[in-house]
Amino acid sequence: MEKSVPLWLEISRKIEKDIENGTFAVGDMLPNEYQLCEIYSVSRITIRGALDRLSDLGKIKRVKGKGTIVTQERIKEPLLKISGFTDEMREKGIVPSTSYAHMERKKVSGYIAELFGQSRSTYFAVLERVRCINGVPVGYFTTYLPESIGLPYDSAQYYSSLYDKLAKEHGIVVDHVQQTVTAEIADKKTRKMLNLSPGEAVMVMKRKAFLGDQLIEYSVCRYDSKRYEYNMELRSEPK
C-alpha cells in the first residue's frame, strides 16, 4: 500500500492522468490556476506545486502573458549508443517525422573543414532538418558530410532516415561515434525552427560519426530541452 503522498503530488498525478487520457490534449491551454483550484477543490498553493512538477516533467509549458500549454513528456535516449534519431524513435514505437529538410552544396567554417582534414575551399554536403514527434518539433539538426560520398542535392530525399540512406544507397554503416553534450540559449534561427521563445535554452549534441578512421558525418543537433533528454548508465569495473 502506497504511503500517504502530499496533496500537490496527488493533484499533479490527476492532471497528468487527464493529459494522458486526452482530457487536456497536446497544444491545449490548461485552465488557469483559479479554475484548476475549483476543478480539483484545492488551494492555489497546491495547484502551483502540482504545475511545477508537471513543468519539470516536460508535460506543460508556462508562457508569460498567455498561460499554461500542454506539451509532451521528454523523450529519453541513452547517450552511449550508436543510432540515428529515426531508429531511436522506432525502438520506442514512435513514428518520427521531418517538417523541414534542406540539402545544399557549400563551403563550411575552417573548424569543420579541419575536422574532415580538408581546406576551407572544399565543398561539403550540408543538410538542415527539423525532426518532430507527433508533429511537434523537437530537434533542429545541421549535418555536414563529405561531398565525395555522392549524396544528391534533392532536399525532398531527406525527410526519412539519413543513416538508412547511407547504408542502403552508399554502403556506409557507421561503426563508432564521438558525442559531446552542452547547453546554450537558442539563437534566432533555432527559435524559429523549434517554435521557442527568446531566452529559452536548447540541449546541443555535437556528433562525429566514423567508418573506421574516416569521419563520415559531423552533426550539430539542437534539441528543445523541455521535450528531449539523454541519459547514461555507468557501471564500476569488477576488481
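The entries below go from the core to the ring pairs and then to charges over rings.

Entry 1. I worked on a predicted model, where local features need pLDDT of at least 70, side-chain atom pairs count only at pLDDT 80 or more, and totals for chains, interfaces and linings use all residues. Residues are numbered from 1 along each chain as its sequence is written, and side-chain values use heavy atoms, with hydrogens and water left out.

Entry 2. Buried means under 20% relative accessible area, exposed over 50%, and partly exposed in between, with a 1.4 Å probe and protein chains only.

Entry 3. I found 4 aromatic pairs in the structure. Rings of Phe, Tyr and Trp (its six-membered ring) pair if their centres lie within 6.5 Å; planes under 30 degrees apart count as stacked, over 60 as edge-to-face and the rest as tilted. Phe116 and Phe124 make a tilted pair, 5.1 Å centre to centre with 55° between the planes. I noted Phe116 as buried at 12% relative accessible area and Phe124 as buried at 1%.

Entry 4. I checked Tyr144 and Tyr218: the planes are at 25° and the centres 6.1 Å apart, so this pair is stacked. Ring pairs link Tyr111, Tyr144 and Tyr218 into a cluster.

Entry 5. I looked for charges over rings (NZ of Lys or CZ of Arg within 6 Å of the ring centre and within 35 degrees of the ring normal). The charged end of Arg105 is over the ring of Tyr123, 3.8 Å from its centre.
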